[in-house]
Structures are given as C-alpha cells and as structure tokens.
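I opened this entry to keep track of what I looked up, one stop at a time. The sequence and the structure come next.

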Amino acid sequence: MESASWAATGLSLLLALSALLVSLWSARRQAADAEKAAIMRLVAEFSVTYRTEDSQDCQRAVVAELRSETAPDPHGGISGLPEPLQSRVKKVGGFYQDVGTLVVLGVIPEYLVVALYYRFLREVWLAVWPYLERERIVLNAQNAGSVWGSFEHIAVYALDTPFAEISKMFRRRTYVA
C-alpha cells in the first residue's frame, strides 16, 4: 500500500513538473510573439512615415541639393544651411536617427532596418556627412554632445555591408525564368 502511495506521489510530481514546463514554454513563446508584434507595429509606423510623398520628396531634395555642384558650403554645418533645405535635412536625418536609436537599443533588428531603407539611407548619409561633421565640431565646442550618432550607426552598417549579405538574413524566394 505504501509503495502505491509513493507511486501516486511520484506520478503527481511528474505531472506537476510537466505542467510547469509546458507553462514556462508557453509563456516564453507568448513573450516572443508579443515582441515580434511590437516590432512589426514600429516597422509599420516608420514605413508609413517613410513612404509619404512629402518624406520621399525631402529625401530626394536633400540628396540632390547637398550633392550638387552648387551645394552650400559645409563649413556652416547643418545649422548654416538655408531654409527650406535645413528643415528638410533635419526632418530626414531625424527620421534615420529615430530608427537608428531603436536599432541601438535592440528594439528593431539592424539588418531589418538597413534592408528596408538601404538605398536612401546610404545616399542621405553620404550627402549629409560633410555638414554633420562640421555641426558636431560646432556643438562639441559648446559642450552639446553628439548629433545623430544612431543615424551614423546604421549608415556605417549600410555602407560597409553589401545588400546581398543583408538579404541573406531573409527567407526570400527568388524568381528564375
């Protein structure tokens, strides 16, 4: 009789441990799903902002005006740019800074952000860099800290990494005729 009691207790303990493991696995899975959902909401919000006609026009204007032969002198930094160019640079750079901050904080995977914004991210960074470099010098002299460090973080990754390498991180199919 006593051995039956021990067997029942052992079986109960085994079932309780199994239930606990299933519960822990389920909680972990739910947390991962919630994290993915949050990331997707952020990506969707940024995509909506990025894809507006105004945002696209700003990016094209920033690249075209800052890379043209008649571009303003970078010596004045971003703050020395004429309006409306200065506002456009701040809008576009601010967008990439915000996205880059989410990457640096580990909220959104770096490869995802860079894959989504690869072309314009690189073009905008190369156009803005001479002005940003001067802006940083001026602000550091005022002890104001760095400017657009998270934008720089994702831009460096985009510049140093071929798109083919980034796209390998996605499970995409390729059409072959």
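**Aromatic pairs**

I searched the whole structure and found nine aromatic pairs. Rings of Phe, Tyr and Trp (its six-membered ring) pair if their centres lie within 6.5 Å; planes under 30 degrees apart count as stacked, over 60 as edge-to-face and the rest as tilted.

I looked up Tyr111 and Phe170. Their ring centres are 5.4 Å apart and their planes stand at 65 degrees, so I noted the pair as edge-to-face. Tyr111 lies in helix 4 (residues 110-141) and Phe170 in the segment after helix 6 (163-167), so the pair ties together parts 59 residues apart in sequence. Helices (H or I, at least four residues) are DSSP runs, numbered from the N terminus. Tyr111 is partly exposed, with a relative accessible area of 29%. Buried means under 20% relative accessible area, exposed over 50%, and partly exposed in between (1.4 Å probe, protein chains only).

I also noted one aromatic cluster, formed by Phe95, Tyr96, Tyr117, Trp125, Trp129, Trp148 and Phe151.

**Ground rules**

This is a predicted model: local features need pLDDT of at least 70, side-chain atom pairs count only at pLDDT 80 or more, and totals for chains, interfaces and linings use all residues. Residues are numbered from 1 along each chain as its sequence is written, and side-chain values use heavy atoms, with hydrogens and water left out.

Is Gln97 buried or exposed? Gln97 is buried, at a relative accessible area of 17%. I found Gln97 in helix 3 (residues 85-104). Its side chain reaches the backbone nitrogen of Gly149 at 3.4 Å. That is a polar contact: a pair of N or O atoms within 3.5 Å, where, within protein, one must be able to donate a hydrogen and the other to accept it, and residues adjacent in sequence count only if both atoms are side-chain atoms. Leaving aside neighbours within four places in sequence, Gln97 is in contact (heavy atoms within 4.5 Å) with Trp148, Gly149, Ser150 and Phe151.

I then checked helix 3 against helix 5 (residues 149-160). Their axes come within 7 Å and cross at roughly 75 degrees. Axes are lines fitted to C-alpha atoms, for helices over the stretch in contact, and angles run from 0 to 180 degrees between N-to-C directions. Helix 3 and helix 5 are therefore roughly perpendicular. Angles under 35 degrees count as roughly parallel, over 145 as roughly antiparallel, 65 to 115 as roughly perpendicular and the rest as oblique.

Trp148 sits in the loop between helix 4 and helix 5. At 12% relative accessibility, Trp148 counts as buried. Its phi is near 60 degrees, a positive value in a residue other than glycine. I also found a cis peptide bond joining Glu83 and Pro84, with omega about 0 degrees. Pro84 is in the loop between helix 2 (53-67) and helix 3. Most residues other than glycine have a negative phi, and most peptide bonds are trans.

**Arg122**

Arg122 is in helix 4. At 26% relative accessibility, Arg122 counts as partly exposed. Its side chain makes a polar contact with the side chain of Tyr118 (3.0 Å). Not counting residues up to four places away in sequence, Arg122 touches Ala158 and Leu159. Arg122 and Leu159 are 37 residues apart in sequence, and 6.3 Å apart in space, C-alpha to C-alpha.

Terms used
Helices (H or I, at least four residues) and strands (E, at least two) are DSSP runs, numbered from the N terminus.
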